[in-house]
Amino acid sequence: MTRVATPEEPLRCAVLISGSGSGMEALVLAQRARGLRHRTVLVLSNRPDAPGLQRAEALDVPAEVVGHYTAAGERMQREQHETAVLERLKAFDAEIVVLAGYMRLLSASFLERWGRPVINIHPSLLPHFPGAHAHRDVLASGTSLTGCTVHVVDEGMDTGALLAQACAPVFAGDDEAQLSRRVKVEEHRLYPEVLTWIAEGRVQLTETGALVDGQAPRRVC
Ligand code: GRF
């Protein structure tokens, strides 16, 4: 999926955010504490007001905004915005794009022009509850089991090849915030781990999906 990286020459991750950035922060802290084979070289937000930008600054990670308006105040076309994102990824010599609460769909044209892996973490056990309101949909369904999924990004909405899942219980009376907090504990553990598998060269992409250590990842749902 990528070159095999080492702690000395870690895989260069660009983390794309739109919001609080707690997943990005957990990733950076794990990378630093454990000397992992991946490192965050850039945090990019499409929203200038994303609180995650302050978190990145506090961590001393380069953080930039690629917003949706031109200098003349006009709304950018999607392609124009994605071209600006690509330019920053290349400027920082990123090797993999890690979506962490990035609330935009990336187009097929972006994925082709980027030509390198993009991964995402979604707060449900895909293929159940894709989309922007996973926790709300989980609660409405009445299920007692949820979790998170790390997957390869394709042009669909939360449809790319599964890499790993982790579970979390849904308790009676949970609200979205409670559920989100519980699932994020799993997200913050799982995302650095999956990136380590990728950096170790243990993940292959095939026509039919991803293989980890030569095996199809086991769905937990
Ligand atoms: C996470 O739950 C992630 O799974 C989803 O968006 C949320 C981002 O949270 N894609 P944060 O900005 O990392 O706190």
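Colleague: Which residues does Ser124 touch, not counting residues up to four places away in sequence?

Modeller: This is a predicted model, and in it Ser124 is found in the loop between β5 and α5. Although it sits in a loop, Ser124 counts as buried because its relative accessibility is 0%. Leaving out residues up to four places away in sequence, the residues that Ser124 touches are Phe129, Ala134, Thr146, Gly147, Cys148 and Thr149.

Colleague: Is Val183 buried or exposed?

Modeller: Val183 is found in helix α6, and its contacts beyond four places in sequence are Pro123, His135, Thr146, Gly147, Cys148 and Ala168. Val183 and Pro123 are 60 residues apart in sequence, yet their C-alpha atoms are 6.7 Å apart in space. Since the cut-off for burial is under 20% relative accessible area and Val183 has a relative accessible area of 0%, Val183 is buried.

Colleague: Which residues have the most contacts inside the largest nonpolar core?

Modeller: In soluble globular proteins, nonpolar side chains tend to be buried together. Here the largest nonpolar core has 37 residues, and the largest share of this core, 8 residues, comes from α6. A second, separate core has 20 residues, including Val85, Leu89, Phe110 and Val153. Within the largest core, the residues with the most contacts are Val98, Ile119 and Leu163.

Colleague: With which residues is Val98 in contact, leaving aside its neighbours within four places in sequence?

Modeller: Val98 is one of the residues with the most contacts inside the largest nonpolar core, and the contact list of Leu195 includes Val98. Once neighbours within four places in sequence are left aside, the contacts of Val98 are Cys13, Ala14, Val15, Leu16, Leu27, Ile119, Tyr191 and Leu195.

Colleague: Which element gives the most to the lining of the largest pocket?

Modeller: The largest pocket holds about 870 Å³ of space, and among its 37 lining residues Gly101, Tyr102, Met103, Ile121 and Pro123 lie nearest its centre. Two or more lining residues come from each of α1 (22-34), β5 (118-122), α5 (134-141) and α6 (176-199). By residue class, the lining divides into 13 nonpolar, 18 polar and 6 charged. The element that gives the most, with 6 residues, is α6.

Colleague: From which element does the largest share of the lining of the second largest pocket come?

Modeller: The second largest pocket has a volume of about 160 Å³ and is lined by 14 residues, of which Gln31, Arg32, His38, Arg39 and Thr40 lie nearest its centre. The elements that give two or more residues to this lining are α1 and β2 (38-45). The lining is made up of 7 nonpolar, 4 polar and 3 charged residues. Its largest share, 4 residues, comes from β2.

Colleague: Which residues line the largest cavity?

Modeller: The count comes to 1 cavity of 30 Å³ or more, and about 40 Å³ of space lies in the largest cavity. Its lining divides into 4 nonpolar, 1 polar and 3 charged residues. The residues concerned are Arg78, His81, Glu82, Val85, Tyr102, Arg104, Leu105 and Leu106.

Definitions and conventions: Residues are numbered from 1 along each chain as its sequence is written. This is a predicted model: local features need pLDDT of at least 70, side-chain atom pairs count only at pLDDT 80 or more; totals for chains, interfaces and linings use all residues. Side-chain values use heavy atoms; hydrogens and water are left out. On a 1 Å grid over the protein atoms alone, a cavity is a set of points where a 1.4 Å probe fits but cannot get out, and a pocket is an open set with protein on both sides within 12 Å along at least five of seven lines; lining residues have an atom within 4 Å of a point. Grid points are joined across faces, edges and corners, and a volume is the space filled by probe spheres set on the points. Ala, Val, Leu, Ile, Met, Phe, Trp, Tyr, Cys and Pro count as nonpolar, Asp, Glu, Lys and Arg as charged, and the others, Gly among them, as polar. A nonpolar core is a set of buried Ala, Val, Leu, Ile, Met, Phe, Trp, Tyr and Cys residues joined through side-chain atoms within 4.5 Å. Buried means under 20% relative accessible area, exposed over 50%, partly exposed in between (1.4 Å probe, protein chains only). Contact means heavy atoms within 4.5 Å.
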